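Please read the following report alongside the sequence and the model. It begins at the ligand and then moves to the domains and the backbone.

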Amino acid sequence: MKNMSSWTKKDLLGLYELNKEEIELILDTADSFKEISTREIKKVPALRGKTVVNLFYEPSTRTRVSFEVAAKRLSADVINIAAQESSVKKGETIIDTGTNIQALKADIIVIRHDSSGAAAMLSRHVNISVVNAGDGWHEHPTQALLDIFTLREKIGKIKGLHVVIVGDISHSRVARSNIWGLTKLGAKVTVCAPPMLIPEEIEKTGAQVCHDIDEALKSADAVNVLRMQFERDLKGAFPNQHEYFKKFGITKERLEKVKKGIIVMHPGPLNRGIEISSEVADGANSVILEQVTNGIAVRMAVLFLVSQGKEKP
Ligand code: CP
């Protein structure tokens, strides 16, 4: 186990707030935890006696289950709250829900919300740990950490890599967290999408912009394919799904023209035949399911570290 003494934060709200050493500490801690999931008895007592509450205001499969599995592997007690089945339906605010969870003596709240800044707001009103499981278009730090962990595991380093993020960058918390994390660790990041799906001034984050996916992929070591978020209003952002797939979709034919070992990632859920073909999603370059497995170790690391932290970010 790595030396955790350099970790001070009680919350994980985003990768924007973390420095290179803190990101590396999470990745190294996840490395130590990954082996636990290969044991016959997949459990250690690191968070025994602690209670983790998953408070989800938006649908989720991977993130919610992954946090639950991670907490249970650390022997924590886990309570899942789907906001739409709770007193939120009666008009309770996030702050009241959060302070009540604190009064119930929970230790960590893992929150997903459709509003950017929801996790940070909750953190200002409770003293227990808050972990952001995705807030609006802002950040999805544990997704980016598991993406980066998977890349590091596959290639052995992050510094000097070229990672292309393709898709709806404007509405993507995954893209933002990946840009902060990858650039802090020394990778080059290119975002690729039709102009309407790239936010103004994205270059200020350190990412480069390219509107031609074939050009962007030429020197790429990895491509992270984002889901087209049809639940958000995308009208006018691109001509139609067929056109998008033709111009930006990650297909076998496209990958045949680039680096042989290019790594294909996707945070899920997939829209097969829109942003990625099934052949690629299920093919040799894809690490999509490995990302899901690695999410457990990364979230174990995050829950463990924030439980040791004292400082508000
Ligand atoms: N990647 C991700 O956040 O997936 P879920 O929405 O299923 O949690």
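In this predicted model, a polar side-chain atom of Thr-63 lies 2.6 Å from an oxygen atom of the ligand. The table lists this polar contact with two others; the term stands for a pair of N or O atoms within 3.5 Å, where within protein one must be able to donate a hydrogen and the other to accept it, and residues adjacent in sequence count only if both atoms are side-chain atoms.

| Residue (polar side-chain atom) | Ligand atom | Distance |
|---|---|---|
| Thr-63 | oxygen | 2.6 Å |
| Arg-112 | oxygen | 2.9 Å |
| Gln-143 | nitrogen | 3.1 Å |

The residues around the ligand, meaning those with a heavy atom within 4 Å of it, are Ser-60, Thr-61, Arg-62, Thr-63, Arg-112, His-140, Gln-143, Pro-267 and Gly-268.

Residues are numbered from 1 along each chain as its sequence is written. Local features need pLDDT of at least 70 and side-chain atom pairs count only at pLDDT 80 or more, while totals for chains, interfaces and linings use all residues; side-chain values use heavy atoms, with hydrogens and water left out.

The protein chain is assigned two domains: domain 1 (20–139 + 294–308) and domain 2 (141–291). These bounds come from an automatic or database domain assignment. The centres of domain 1 and domain 2, taken over C-alpha atoms, are 26 Å apart. Their contact (heavy atoms within 4.5 Å) takes 27 residues from domain 1 and 26 residues from domain 2.

About 2,300 Å² is buried between domain 1 and domain 2, and carbon and sulfur atoms give 57% of that area. Buried area here is the accessible area (1.4 Å probe) that two parts lose on being put together, summed over both. On the side of domain 1, Trp-137, Glu-139 and Asn-294 lose the most area to domain 2, together 30% of what that side buries.

The interface of domain 1 and domain 2 holds 4 salt bridges, each being a side-chain nitrogen of Lys or Arg within 4 Å of a carboxyl oxygen of Asp or Glu. There are also 14 residue pairs in polar contact between domain 1 and domain 2, both residues at pLDDT 80 or more. Helix 1 gives the most to the side of domain 1 that touches domain 2, with 9 residues. Helices (H or I, at least four residues) and strands (E, at least two) are DSSP runs, numbered from the N terminus.

The structure as a whole holds 19 salt bridges. In one of them, Arg-254 meets Asp-214 at 2.9 Å, N to O. This pair links distant parts of the chain, with Arg-254 in helix 9 (residues 252–255) and Asp-214 in helix 7 (residues 213–217), 40 residues apart.

Most residues other than glycine have a negative phi, and most peptide bonds are trans. Lys-105, not a glycine, has a positive phi of about 70°; Lys-105 is in the loop between helix 3 (94–103) and strand 3. A cis peptide bond joins Gly-268 and Pro-269, with omega about -5°. Pro-269 is placed in the loop between strand 9 (263–265) and helix 10 (278–281).
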